[in-house]
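Please keep the structure open while reading them.

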Amino acid sequence: SDEGDAAEARRLAERLYRRVIGEHPVDAPGGGVGADAAFNLALLMQDERTPVATAEACALYDAIVRTDTARTDGNPRWDALANLASCTHDLRAQPLRAFELLAAAIMQGEGANDAGDAPVSESVAEALAKLYRGMGTLLAEADSELCAALLRVDSAGPRVLLLGDVGDGGSDVGDG
């Protein structure tokens with residue numbers, strides 16, 4: 001049957017990705033083939049939509065993002081960051097971290113769109129739409145603890161949501 005063939009292909013792909021990761025660690029400088037295999041394995045795990053598989057996907061994306069921040073621009077791979085934000089939100093265990101990841105992924109995705117004259121690709125637009133939907137869902141479900149964390153004021157002043165850093169070309173909405 002087609003379903004049986006698809007399930008067997010999925011199991012084979014999972015074994016192969018795990019083997020590649022075993023031979024080429026995700027945290028190798030620049031990530032390389034290990035990071036690519038980890039990303040693909042994370043996609044498979046996230047697609048299972050079980051808490052255990054989603055948690056594994058988050059761990060893989062997190063490893064990719066942590067390794068990738070060593071790049072020259074200091075920004076992780078946008079797709080890995082976006083998927084880490086999405087699966088962290090799906091787990092519903094760390095809403096503040098999910099919010100921060102969603103915000104970072106949205107800011108990076110929007111920044112990539114603004115960087116060039118080319119129109120936004122359909123895949124980037126779809127990914128951004130999912131991130132914004134995730135952000136909206138997270139905020140709609142926010143309890144008083146999350147709201148307090150989002151509104152905290154620290155030595156740098158009030159937290160500004162999704163506006164970027166004021167003074168770096170970001171929005172100055174609310175500055176008077």
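1. How many salt bridges does the count come to? The count comes to 10. The rule asks for a side-chain nitrogen of Lys or Arg within 4 Å of a carboxyl oxygen of Asp or Glu. In general, side chains of opposite charge can pair when their charged atoms come close.

2. A word on the basis. This is a predicted model, in which local features need pLDDT of at least 70 and side-chain atom pairs count only at pLDDT 80 or more, while totals for chains, interfaces and linings use all residues. Residues are numbered from 1 along each chain as its sequence is written, and side-chain values use heavy atoms, with hydrogens and water left out.

3. The overall layout. The chain has seven helices and two strands. Along the sequence they follow the pattern α-α-α-α-α-α-α-β-β. Helices (H or I, at least four residues) and strands (E, at least two) are DSSP runs, numbered from the N terminus. The chain holds 176 residues, and 31% of them count as buried. Buried means under 20% relative accessible area, exposed means over 50%, and partly exposed lies in between (1.4 Å probe, protein chains only). Contacts here mean heavy atoms within 4.5 Å. Among contacts in the chain with a separation of 6 or more, 54% come from residues 24 or more positions apart.

4. A salt bridge inside one helix. The side chains of E8 and R11 meet in a salt bridge, at 3.1 Å from N to O. Both residues sit in helix α1 (residues 2-23); they are three residues apart, so about one helical turn separates them. E8 is partly exposed, at 36% relative accessible area. R11 is partly exposed too, at 43%.

5. A salt bridge between helices. R97 pairs with D62, and their closest N and O atoms are 2.9 Å apart. R97 lies in helix α5 (residues 95-115) and D62 in helix α3 (residues 51-68), so the pair ties together parts that are 35 residues apart in sequence. R97 is partly exposed, with a relative accessible area of 30%.

6. A salt bridge between loops. E141 forms a salt bridge with R92, with 3.2 Å between the closest N and O atoms. E141 is in the loop between α6 and α7 (144-150), and R92 is in the loop between α4 and α5, so this pair ties together parts that are 49 residues apart in sequence. E141 counts as partly exposed, at 46% relative accessibility. R92 is partly exposed as well, at 44%.

7. Backbone points to check. R92 has a positive phi of about 60°, although it is not a glycine. R49 is also a residue other than glycine with a positive phi, near 60°. R49 is found in the loop between α2 (32-48) and α3. R49 is exposed, with a relative accessible area of 64%.

8. How do α4 and α6 cross? Two packed helices are described by the angle between their axes and the distance between the axes. The axes of α4 (residues 78-91) and α6 (residues 122-140) come within 10 Å and cross at roughly 30°. That makes α4 roughly parallel to α6. Axes are lines fitted to C-alpha atoms, for helices over the stretch in contact, and angles run from 0 to 180 degrees between N-to-C directions. Angles under 35 degrees count as roughly parallel, over 145 as roughly antiparallel, 65 to 115 as roughly perpendicular, and the rest as oblique.

9. The residues at that crossing. From α4 come W78, A82, A85 and H89; they meet V124, A127, L128, L131, G134, T137 and L138 in α6. The residues of this contact divide into eight nonpolar, three polar and no charged. Here Ala, Val, Leu, Ile, Met, Phe, Trp, Tyr, Cys and Pro count as nonpolar, Asp, Glu, Lys and Arg as charged, and the others, Gly among them, as polar.

10. Is Y61 buried or exposed? Y61 is buried, with a relative accessible area of 0%. The residue lies in helix α3. Leaving aside residues up to four places away in sequence, Y61 touches F39, A42, L43, Q46, A80, N83, L84 and C87. The C-alpha atoms of Y61 and L41 are separated by 9.6 Å, and these two residues are 20 apart along the chain.
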